[in-house]
Amino acid sequence: MNYEEWLKSVPVEITGDSLWKVEAYRLALFAADLGWHDVSKLMKDKRTLGLSDQLYRAIGSIGANVAEGYSRGTGKDRARFYEYGLGSAR
């Protein structure tokens, strides 16, 4: 699935939120959906079980940090959470 197809499949409960306007948030959710398929494959092998857990937590934290930063009142506080999200993405 590509990004454009994925956008069409996202439910209105998510797209109706003002946070949806933030492109980094949309891309983070897309990455999490793509990452789930990789994580599912990694979980089948005991040797990569820990890696699969770490990968999914990192991918999930990108969107979570963008969302938390979006809700912060000051630019400095907002930027800190955006940096956390960037760190997880890297």
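I began with helix α3 and listed its buried residues: Y25, R26, A28, F30, A32, G35 and V39. The model I am reading is a predicted one. I then asked what covers these residues of α3, and found that the cover includes α1 (3-9) and α4 (49-70).

**Entry: α3 geometry**

I looked up the extent of α3. The helix takes in residues 23-42, 20 residues in total. Its first and last C-alpha atoms are 28 Å apart, close to the 28 Å expected at 1.5 Å a residue. I also checked for a bend. α3 bends by about 25 degrees, and the bend sits at G35.

**Entry: G35**

Is G35 buried or exposed? I placed G35 first: it belongs to helix α3. Its relative accessible area is 4%. The cut-off for buried is under 20%, so G35 counts as buried. I note that G35 is both the bend residue of α3 and one of its buried residues.

I next took the separation of G35 from N65. The two are 30 residues apart along the chain. Their C-alpha atoms are separated by 17 Å.

**Entry: α4**

How does the span of α4 compare with what its residue count predicts? I have 22 residues in α4, and at 1.5 Å a residue they should span 32 Å. The end C-alpha atoms are 32 Å apart, so the span agrees.

I looked for a bend here too. α4 bends by about 25 degrees at S61. The buried residues of α4 are S52, I59, S61, I62, G63, N65, V66 and G69. The bend residue S61 is therefore on the buried list. I recorded α3 and α5 (75-89) as part of what covers these residues of α4.

**Entry: N65**

I went on to N65, which lies in helix α4. Its relative accessibility is 14%. Buried requires under 20%, so N65 counts as buried. Which residues does N65 touch, once residues up to four places away in sequence are set aside? I found F81, Y82, Y84, G85 and S88.

**Entry: Y82**

I followed the contact from N65 to Y82. Y82 has its place in helix α5. Its relative accessible area is 30%. Partly exposed runs between the buried limit of 20% and the exposed limit of 50%, so Y82 is partly exposed.

I listed the contacts of Y82, leaving out neighbours within four places in sequence. They are N65, V66, G69 and Y70. Of these, N65, V66 and G69 are among the buried residues of α4. I also checked Y82 against K21. They are 61 residues apart along the chain, with their C-alpha atoms separated by 15 Å.

**Entry: L7**

Which residues is L7 in contact with, apart from neighbours within four places in sequence? I noted W20 and R26. R26 is one of the buried residues of α3, and α1 is part of the cover there.

L7 and K21 are 14 residues apart along the chain. Their C-alpha atoms are separated by 12 Å.

**Entry: whole chain**

I closed with the overall figures. The protein chain has five helices and zero strands. From the N terminus the elements run α-α-α-α-α. The C-alpha trace spans about 45 × 30 × 20 Å along its principal axes.

I checked burial over the chain. Of its 90 residues, 27% are buried. The chain exposes about 6,300 Å², with carbon and sulfur atoms supplying 56% of that area.

I looked up contact range next. Among contacts between residues at least 6 apart in sequence, 40% join residues at least 24 apart.

The charges came last. I have 13 positive and 12 negative charges in the chain. Their mean positions are 4 Å apart.

Note on methods:
Residues numbered from 1 in each chain as written. Predicted model: local features only at pLDDT ≥ 70, side-chain atom pairs only at ≥ 80, totals over all residues. Heavy atoms only, no water. Helix = DSSP H or I, 4+ residues; strand = E, 2+ residues; numbered from the N terminus. Buried < 20%, exposed > 50% of the residue type's maximum accessible area, 1.4 Å probe, protein only. Contact = heavy atoms within 4.5 Å. Areas by Shrake-Rupley, 256 points an atom, 1.4 Å probe, with all protein chains shown as cover. Lys, Arg positive; Asp, Glu negative; His and termini not counted. Charge placed at Lys NZ, Arg CZ, Asp CG, Glu CD. Expected span 1.5 Å × (residues − 1). Bend = angle between axes of the 7 residues up to and from the residue.
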